[in-house]
Amino acid sequence: MPEIVVKYEDKVIERIVTEKKRISVGRTNDNDVVLENRGVSRKHAMIEFNDNAAVVIDNESLNGTFVNNRKISEEVLRDEDVITIGKYSLVYNSQTTRDQDGGTGFDGTMVLNTKAQKKLLENDSIERQIVEKYGGSVLLGMENSSFAEFRLEREVTTIGKAKFVHVQAKGFWLSGIQAKIIREEYGYSLVNLGKQGKTQVNGEPVNSAVLKNGDLITVGKTTFKFVEGKTP
Amino acid sequence: MKHALVSDIHGNLEALTAVLTDIEKHKVDFIHCLGDVVGYGPDPAACLKMIDRSCDTKLMGNHEFTALGLQSSSIFNNAARAAVKWTQMQLTDNDMAIMADFEMDRTLDNMYLVHASPLEPEQWHYVFNEEEAVAAFQNLKTEIGFMGHSHLPLIFSEGPGERIRSQAGHTFQVGDESRYLINVGSVGQPRDNDRRACYVVFDTDEGDVFYHRVEYDIDAAQQKMATAGLPEVLISRLAAGL
């Protein structure tokens, strides 16, 4: 069966394997593939499947439909063609590229369900607003955090369970100062100071790490997301 | 209850060992360390482990804060800065983790323990004189406070309706009406012209504050510092007690 892999900024957010002869793509909920973005028209495009062929048809959308970066009105799809609609890419595969076992996608990125997709988009828009408003980098509280947003304006920000640290984290075995975030010339780095293994980046224990936009920092039972601003 | 209070060990293992041995004689219930276990001296890691094992309270000093990389060492003079760098190189991740668990301050019943002035503890203000003691007393919420930091055994007292007085550290009994802020002196680098290691025992039942001075093997400590290549000025001051 053919499949369409929906990506948003390189993150796989949905994988559609269908027996339908035709699927609709657009911003409103009555579409088969819902793309929540202002650059997407309500009824943006259709994809039709026919034996071994597939065709994408633009519905005279405002911002257009692109295949491999070329604007099209109607185009026969080949394997691995990339359809671009707004900020989304839809990758066409004539055959399903993996077993239906969930988990990671063909390129190792996370496959999210629709609920997770919505959350991702909401968060993405919130993060953009925060960084636009402040300009600098921030930590966002994700789990067990005492704050929603913390601005990384100091040269050194301490994280731990002591009262005097800048960022509180939870966890019985945590050190008073478990970790520090240092503002460097090139950006930010995270250094574990306390007990080993209690500071993690994206689930991996670290002694020190250069932080990248979107990194999940877990200190004990508390998780923050690092969102990089325009200026370090 | 008897509380022993030690501070400003500064990597001087000979002095710390002598003091802990002396403390055993007094049969104390608790030992509280008021910070600056590292910096200046040749045995920061060994001192950290010894303090971690033997003390009930372990407070953060500005030298721990700097060794953890939480503040710049540019506020120190040249010799101290050289010692900070040397100290950082001696410390393992486990030593760092010991320091990372030090508290900023602690209140035990009517006692307050802190490294520097009770005014903004993490700003490490000094209390050298009566004037600096005013803000310190305003931030002292208990009847008696113990601190270190200046390496000078000093007793600041504030009676009802009286001005704050300061006296050189000496054994005395606390009065009911007064409040006290007591600098317990330094174990590893005394600066009051007495080269002997200094610490305090506070007996809460009798209200007695005892200052103790302990001889230790200064030659051995100086020899180690020279071998480690620590600045001469830090080596010579141990023998002079300043």
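Author: One term before we start. A residue counts as buried if 20 or more other C-beta atoms lie within 10 Å of its own, and as exposed if 12 or fewer do. Keep in mind that this is a predicted model.

Reader: OK, chain B. What share of its 242 residues count as buried?
Author: 47% of them.

Reader: What radius of gyration does chain B have, against a compact globule?
Author: Chain B has 17 Å. A compact globule with 242 residues would be near 18 Å, so the two agree. Its C-alpha atoms fill a box of roughly 50 × 35 × 30 Å along the principal axes.

Reader: How many helices and strands in chain B?
Author: Eight helices and 12 strands. Take the contacts in chain B between residues at least 6 apart in sequence: 71% of those join residues at least 24 apart.

Reader: Pick a helix. Which residues of H7 in chain B are buried?
Author: Ala221(B), Gln222(B) and Met225(B), in a helix that covers residues 218–228. Down the axis of H7(B), the buried residues fall within an arc of 95 degrees, so they line one face.

Reader: What do they pack against?
Author: Helix H1 (13–25) and helix H8 (232–240) of chain B.

Reader: And which residues are exposed on the other side of H7(B)?
Author: Asp219(B), Ala220(B), Ala226(B) and Thr227(B).

Reader: What follows H7(B)?
Author: Gly229(B), with a positive phi near 75 degrees.

Reader: New topic. Where is Ser186(B)?
Author: In the loop between strand E10 (179–183) and strand E11 (197–203) of chain B.

Reader: Is Ser186(B) buried or exposed?
Author: Buried. Ser186(B) has 27 other C-beta atoms within 10 Å, and the cut-off for buried is 20 or more.

Reader: What does Ser186(B) touch?
Author: Leaving out residues up to four places away in sequence, Ser186(B) touches Ser7(B), Asp8(B), Gly148(B), His151(B), Arg191(B) and Cys198(B).

Reader: Over to chain A. What order do the strands take in the sheet with E14?
Author: E15-E14-E16-E17-E20, five strands in an open sheet with mixed pairing. E15 (167–168) and E20 (208–210) of chain A each have a single partner strand, so one side of each is left without a neighbour in the sheet.

Reader: How many bridges join E16 to E17 in chain A?
Author: Five, and the strands run antiparallel: E16 is residues 179–183 and E17 is residues 188–192. Ile181(A) has Leu190(A) as its bridge partner in E17(A).

Reader: And what's the order in the sheet with E3?
Author: E4-E3-E5-E6-E9 in chain A, an open sheet of five strands, with mixed pairing. Strands E4 (33–34) and E9 (74–77) stand at its edges. E3 (residues 22–26) and E4(A) pair in the parallel sense over two bridges. Gly26(A) has Val34(A) as its bridge partner in E4(A).

Reader: Where is confidence lowest and highest among the elements of chain A?
Author: Lowest in helix H1 (residues 114–134), at a mean of 72, and highest in strand E14 (residues 156–160), at 97. Over residues 99–110 of chain A, pLDDT is below 50. The mean for chain A is 85, and 88% of its residues reach 70 or more.

Reader: Last one. How many residues of chain A are in contact with chain B?
Author: 13, in contact with 12 residues of chain B. The chain A side has five nonpolar, six polar and two charged residues.

Definitions and conventions
Residues numbered from 1 in each chain as written. Chains lettered and ligands numbered in written order. Predicted model: local features only at pLDDT ≥ 70, side-chain atom pairs only at ≥ 80, totals over all residues. Contact = placed C-beta atoms within 7 Å. Nonpolar A, V, L, I, M, F, W, Y, C, P; charged D, E, K, R; others polar. Pairing = 2+ DSSP bridges. Helix = DSSP H or I, 4+ residues; strand = E, 2+ residues; numbered from the N terminus. Rg over C-alpha atoms; globule rule 2.2 N^0.38 Å. pLDDT = per-residue confidence, 0-100. Arc of directions from axis to C-beta.
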